[in-house]
Amino acid sequence: IRHVDIVGNNYVNTQEILNSISIKEIKSIFNCDIKSIKNNIEQIPFIKTVHIGIKIPDKLEIMIVERTPIALVIYGDKKTFIDYDNISLPVNSNSVNNFPVPILNIENIKIHHDSISIIKYLYKNYNSLYNNISEIIISNSKITIITDYRTKIFINPDMVIKNIAKLRSFEKSISLIKKINDYRYINLIYENQVVVKEKVHS
């Protein structure tokens with residue numbers, strides 16, 4: 001094999017992909033073990049799927065689909081990225097700089113699965129809020145969403161979907177005059193009401 005074309009990798013380094021497949025050991029395109037090459041590449045963190053094509057006489061075409069983190073999960077001194085498929089991805093200075101995602105701070109490992117479900121729900125159904133989140137702090141008694149502009153949104157852990165629907169209705173009702181980030185906090189915990197406190201601008 002004389003030529004290798006790799007496309008689709010935005011985060012994973014091309015050289016790292018080449019290193020994983022030992023091109024020099026492949027003497028001919030006809031005895032190329034596609035399955036083995038695919039498996040080797042898919043062992044690299046942040047790579048989701050790989051499609052490989054052969055082009056006669058001596059070219060390998062590799063199409064990469066990467067994993068994209070949707071949250072940085074912190075539990076005690078442990079940190080991991082998580083993607084939409086609940087796959088854990090490594091945290092380092094490079095990945096932190098490349099993926100500015102919400103921080104999910106959990107106090108109890110037992111609520112880890114529920115907390116991931118919240119992030120996934122916001123990512124899929126309320127993208128404008130998801131893109132505005134700096135951090136989510138989750139305890140047994142309360143969920144606190146902190147926006148990029150430091151607005152705190154309080155949610156009842158037992159009424160997450162209902163509270164988020166209430167927030168969307170509230171946001172729509174104020175859209176002509178205010179934004180969510182104009183408030184110091186928005187408390188959605190109480191039944192049938194939204195308690196807010198506006199920010200004081202000097």
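## Helix α1

Asn 13 caps the N-terminal end of α1, with a side-chain oxygen 2.7 Å from the backbone nitrogen of Gln 15. The model described here is predicted. Helix α1 covers residues 14-21, and Ile 17, Ser 20 and Ile 21 in it are buried. Viewed down the axis of α1, the buried residues fall within an arc of 90°, so they line one face of the helix. The cover over these buried residues includes the strands β1 (3-7), β2 (47-55) and β3 (59-66), as well as helix α2 (34-42). Just after α1, Ser 22 has a positive phi of about 50°.

## The open sheet

An open sheet is formed by nine strands, in the order β6-β5-β4-β7-β8-β9-β10-β11-β12, with mixed pairing. The edges are β6 (88-89) and β12 (195-198); each has a single partner strand, so one side of each is left without a neighbour in the sheet.

Ile 186 has Val 196 of β12 as its bridge partner.

## Aromatic pairs

Eight aromatic pairs are counted in the model. The ring centres of Phe 81 and Phe 99 are 6.1 Å apart and the planes stand at 70°, so this pair is edge-to-face. Phe 81 belongs to strand β5 (residues 78-83), while Phe 99 sits in the loop between α3 (93-98) and β7 (103-106); the two are 18 residues apart, and the pair links distant parts of the chain. Both Phe 81 and Phe 99 are buried. Together with Tyr 11 and Phe 46, they form one aromatic cluster.

Phe 154 and Tyr 185 make a tilted pair, at 6.0 Å centre to centre and 40° between the planes. This pair also links distant parts of the chain, with Phe 154 in β10 (residues 152-155) and Tyr 185 in β11, 31 residues apart. Phe 154 is buried at a relative accessible area of 15%, whereas Tyr 185, at 27%, is partly exposed.

Setting aside neighbours within four places in sequence, Leu 122 is in contact with Asn 127, Leu 129, Tyr 130, Ile 133, Ile 136, Ile 145 and Ile 164.

Asn 163 is part of helix α6 (residues 160-174). Its relative accessibility is 1%, so Asn 163 counts as buried. Beyond residues up to four places away in sequence, Asn 163 touches Ile 155, Asn 156, Leu 188 and Ile 189.

Conventions. Residues are numbered from 1 along each chain as its sequence is written. This is a predicted model: local features need pLDDT of at least 70, side-chain atom pairs count only at pLDDT 80 or more; totals for chains, interfaces and linings use all residues. Side-chain values use heavy atoms; hydrogens and water are left out. Two strands pair if DSSP finds at least two bridges between them. Helices (H or I, at least four residues) and strands (E, at least two) are DSSP runs, numbered from the N terminus. Buried means under 20% relative accessible area, exposed over 50%, partly exposed in between (1.4 Å probe, protein chains only). Contact means heavy atoms within 4.5 Å. The arc is that of the directions from the helix axis to the C-beta atoms. A polar contact is a pair of N or O atoms within 3.5 Å; within protein, one must be able to donate a hydrogen and the other to accept it, and residues adjacent in sequence count only if both atoms are side-chain atoms. Rings of Phe, Tyr and Trp (its six-membered ring) pair if their centres lie within 6.5 Å; planes under 30 degrees apart count as stacked, over 60 as edge-to-face and the rest as tilted.
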